[in-house]
Structures are given as C-alpha cells and as structure tokens.
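Please read them with the structure open.

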Amino acid sequence: MSSDLLNTVVAAARKSADEREARVSRAEMERDAARRRPNGAGFRASLAAPGIRIIAECKRRSPSRGVLRANYDPVAIARGYEVNGAAAISVLTEPTFFDGDLDHLRRVRDAVATPLLRKDFIVTDYQVIEAAAAGADAVLLIVAAVDDASLVRLRELAAMLGLAALVEVHDRDELDRAITSGADVIGVNSRNLRTLAVSTATLDELGREIPGRAGSSSKFEVRSSKEDRSILAVAESGLKTPDDLRRLADVRYDAFLIGERFMTVDDPGAAMGALRAAAEERAQ
C-alpha cells in the first residue's frame with residue numbers, strides 16, 4: 001500500500017464516517033455506545049494471560065491477496081475461534097479493501113462473549129464511538145494514518161468509552177510516536193504499508209525496543225510519578241508456524257494477531273486452536 005494509497009484510504013474512511021454521522025448523530029451514537037459498556041480492560045487482561053494468546057481475525061479479503069474466503073460467515077468463524085480458545089477476535093469493518101462492514105461486528109458481538117477488536121482505518125472520533133456502539137471492546141489505531149495530536153485524542157476517547165486501543169506501528173519512528181502518545185497496547189505489523197511486503201525481521205527488531213520487553217534498549221521510560229505503564233506487545237502479519245509464535249514469545253510478545261492463515265482453510269477455529277496448542281507444546 002503506497003503512501004498515496006494510504007492517504008486515499010484514510011480520506012475515504014473520513015468521508016464515509018462523515019456520511020454516517022449525517023444519518024445518525026454523534027449524540028445518538030453516544031447513547032448507543034453507553035448501553036454497550038465496552039470491556040477494554042477485559043481485552044487487555046485476555047492478552048496478558050499466560051500461554052500463547054491469539055487475536056484471531058475475521059476478514060473476507062485483503063489488498064495483497066484478494067478474496068480469501070468466498071463463502072464468508074463472520075459469525076460462524078467467530079464462534080469457531082471462541083470455542084477453540086481465542087484470546088480476542090478481530091473483525092474487519094473496512095468495506096473497500098477488505099469487504100468488511102460494521103454490521104459484521106454487530107452480528108459477531110451478539111454471537112460471542114470473547115473480547116472484540118474493530119479493525120479499520122479509524123481516523124475520526126465518530127468511528128471510535130460507533131465501534132463502542134457496535135459492540136467492540138477495542139479499536140485499532142494506525143500510527144501512519146494520523147498525526148500525533150489525533151492519535152492521543154482518539155486513544156483518550158477510546159479509554160473514556162471503555163475501549164482498549166491497539167496502536168499499530170511499522171517502524172522505529174512510529175513506535176516512538178506510539179509510546180509518546182501513551183499507548184499501552186502496541187501492535188507491530190511486519191507488513192510494510194507502502195509495498196505490502198512482509199518482513200518478520202521487523203517483529204524482532206521493534207519487539208526488543210518496546211519498553212518492558214526483554215533486552216529493550218528503548219530511550220523511553222514508562223514509569224511516571226503516579227504509576228507504572230505496563231505495555232502489552234502484539235505481533236501482526238506473517239505468522240504461520242508454531243515456531244514463529246514460540247520464537248516471538250521469547251522476544252516477549254504477549255499476543256499474536258493472525259487472520260489470512262486461518263481464512264483459507266475449511267475450519268478457521270480448529271486451525272487456530274491447533275496452532276496455539278502446538279506453539280504451547282514447544283514451550284514444554
């Protein structure tokens with residue numbers, strides 16, 4: 001995804017959000033969000049639990065590979081993930097490049113109790129509010145898609161609504177920005193947004209730079225005068241084998257966001273459960 005394409009996607013996301021807000025006011029959406037009571041704390045706690053923790057993804061299509069699953073049923077997929085022990089479930093809601101829909105998130109929320117992540121190009125306050133109203137417990141915030149002030153504002157709004165924020169980075173500069181913004185869940189995506197190429201070396205390099213990770217050489221100090229900020233780290237993209245997960249767990253990643261690997265098999269939930277079990281077995 002070139003920087004120009006990223007800008008195009010962000011502009012489209014902003015326009016679409018503005019159109020939805022014209023149909024359903026922010027005040028009305030806030031009332032709906034208040035009824036849902038998102039459990040961002042539960043999302044974080046699930047990622048921090050012992051063992052191999054997987055955020056399993058529901059998505060029909062990806063920009064790099066096209067349609068992944070022609071017969072796409074996010075509810076059935078999510079139920080399979082829940083039965084097989086997913087720590088959380090990510091639901092794509094972006095329509096243009098991923099064939100997602102906010103209704104997919106609503107339907108999954110009605111079907112499972114597992115913490116849910118709304119995965120989209122979230123760049124407006126309204127999108128954060130509607131994520132809470134649709135049943136999300138967490139939102140994805142992509143550092144490359146927003147400026148520093150917007151990143152802080154969106155993350156703080158999410159927290160006010162009870163949502164966790166998974167703040168996604170792709171390089172050292174973005175990692176520094178995420179930490180400075182106050183992020184307490186940081187996702188390192190090994191897929192380059194400009195080329196769509198995947199380099200798992202990025203996961204090793206940046207994982208060691210996150211404060212609190214083993215061997216971290218980060219210049220940032222997360223201890224404040226009031227409290228310690230415990231940062232959870234999530235590895236994203238290019239994760240295929242039990243050894244991948246085991247190795248990155250040793251780098252001190254707390255959880256792993258995986259989607260494409262499961263979308264192309266007959267039973268995504270069983271595949272997720274088998275991968276998690278095999279990775280945990282490697283630790284014995």
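**Notes on the model**

1. Of the 284 residues of the protein, 55% count as buried. Buried means under 20% relative accessible area, exposed over 50%, and partly exposed in between, with a 1.4 Å probe and protein chains only. This is a predicted model: local features need pLDDT of at least 70, side-chain atom pairs count only at pLDDT 80 or more, and totals for chains, interfaces and linings use all residues. Residues are numbered from 1 along each chain as its sequence is written, and side-chain values use heavy atoms, with hydrogens and water left out.

2. Overall fold. The protein has 13 helices and 10 strands. These are DSSP runs numbered from the N terminus: helices are H or I with at least four residues, strands are E with at least two. The radius of gyration is 18 Å, close to the 19 Å from the globule rule for 284 residues, so the protein is as compact as a globular protein of that length. That radius is taken over C-alpha atoms, and the rule is 2.2 Å times the number of residues to the power 0.38. Along the principal axes, the C-alpha atoms fill a box of roughly 55 × 50 × 35 Å.

3. Contacts across the chain. Contact means heavy atoms within 4.5 Å. Among contacts between residues at least 6 apart in sequence, 68% join residues at least 24 apart.

4. Lysine in a loop. K59 lies between β1 (54-58) and β2 (61-62). Is K59 buried or exposed? K59 is buried, at a relative accessible area of 8%. Beyond its neighbours within four places in sequence, K59 is in contact with L68, Y72, L92, F98, G259, E260 and M263. Its side chain makes a polar contact with the side chain of E57, at 3.5 Å. A polar contact is a pair of N or O atoms within 3.5 Å; within protein, one must be able to donate a hydrogen and the other to accept it, and residues adjacent in sequence count only if both atoms are side-chain atoms.

5. Aspartate in a loop. D120 sits between β5 (116-119) and α7 (125-134). D120 is buried, with a relative accessible area of 6%. Which partners does the D120 side chain have? It reaches the backbone nitrogen of E94 at 3.4 Å. It also makes a polar contact with the side chain of R118, at 3.2 Å. Not counting residues up to four places away in sequence, D120 touches T93, E94, L140 and I142.

6. A covered helix. Helix α9 (residues 172-181) is mostly covered, with 7 of its 10 residues buried. They are E174, L175, D176, R177, A178, I179 and S181. The cover includes α8 (148-161), β7 (164-169), β8 (185-189) and α10 (201-207). D171 caps the N-terminal end of α9, with a side-chain oxygen 3.2 Å from the backbone nitrogen of D173. After α9 comes G182, with a positive phi near 100 degrees.

7. Backbone angles to check. Most residues other than glycine have a negative phi. D99 has a positive phi, near 55 degrees. D99 is in the loop between α5 (95-98) and α6 (102-111), and counts as partly exposed at 26% relative accessibility. S237 also has a positive phi, near 75 degrees. S237 lies in the loop between β9 (232-236) and α11 (242-250), and counts as buried at 18% relative accessibility.
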